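Visitor: I would like to learn how to read the features of a protein model, one at a time. Could you take me through one slowly?

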Amino acid sequence: IHWSQLKPSNSIITIEENILFKKPSNFSEPIAKLAKGRLLVIKKCEVDWCNVSTNSYKGWIKIKNIWGSTK
């Protein structure tokens, strides 16, 4: 994906497969498995987690394996 296709400051891309969780915890219920390169729209971010949406899924993802600005 070219940088011009991203919305400024509220979009991120997964750089590895990730799990989307219901709450910001590794022990929370998993909602979906996200493929590498998936575009996510940020709703809000906390210390190590961001609340994101993609298509019909909404949940929390760790910010460790993403590309893009979370600020």
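Guide: What follows is a short walk through strands, a disulfide, a core and an aromatic pair. This is a predicted model, in which local features need pLDDT of at least 70 and side-chain atom pairs count only at pLDDT 80 or more, while totals for chains, interfaces and linings use all residues. Residues are numbered from 1 along each chain as its sequence is written, and side-chain values use heavy atoms, with hydrogens and water left out.

Visitor: How many bridges join strand E5 to strand E6?

Guide: Strands are DSSP runs of E with at least two residues, numbered from the N terminus, and two of them pair if DSSP finds at least two bridges between them. Here 6 bridges join E5 (residues 49-54) to E6 (residues 57-62), and the two strands run antiparallel. Asn 51, for instance, has Trp 60 in E6 as its bridge partner. The two strands form a hairpin with 2 residues between them, and Asn 55 in the turn has a positive phi of about 50°.

Visitor: Which cysteines form a disulfide?

Guide: A disulfide is a pair of cysteine sulfur atoms within 2.5 Å. A search of the whole structure finds 1, formed by Cys 45 and Cys 50 with their sulfur atoms 1.9 Å apart. The link is right-handed, with 100° about the S-S bond.

Visitor: Is Cys 50 buried or exposed?

Guide: Buried means under 20% relative accessible area, exposed means over 50%, and partly exposed lies in between (1.4 Å probe, protein chains only). Cys 50 counts as buried because its relative accessible area is 0%, whereas Cys 45 is partly exposed, at 27%.

Visitor: Which residues make up the largest nonpolar core?

Guide: In soluble globular proteins, nonpolar side chains tend to be buried together. A nonpolar core is a set of buried Ala, Val, Leu, Ile, Met, Phe, Trp, Tyr and Cys residues joined through side-chain atoms within 4.5 Å. The largest one here has 10 residues, including Ile 12, Leu 34, Cys 50, Val 52 and Ile 61. Strand E3 (30-34), strand E4 (39-45) and E5 are the elements that give two or more residues to this core.

Visitor: What kind of aromatic pair do Phe 21 and Trp 49 form?

Guide: Rings of Phe, Tyr and Trp (its six-membered ring) pair if their centres lie within 6.5 Å, and planes under 30 degrees apart count as stacked, over 60 as edge-to-face and the rest as tilted. A search of the whole structure finds 1 aromatic pair. Phe 21 and Trp 49 form it edge-to-face, at 5.8 Å centre to centre with 80° between the planes. The pair links distant parts of the chain, since Phe 21 is in strand E2 (residues 18-21) and Trp 49 is in E5, 28 residues apart.

How values were computed: Helices (H or I, at least four residues) and strands (E, at least two) are DSSP runs, numbered from the N terminus.
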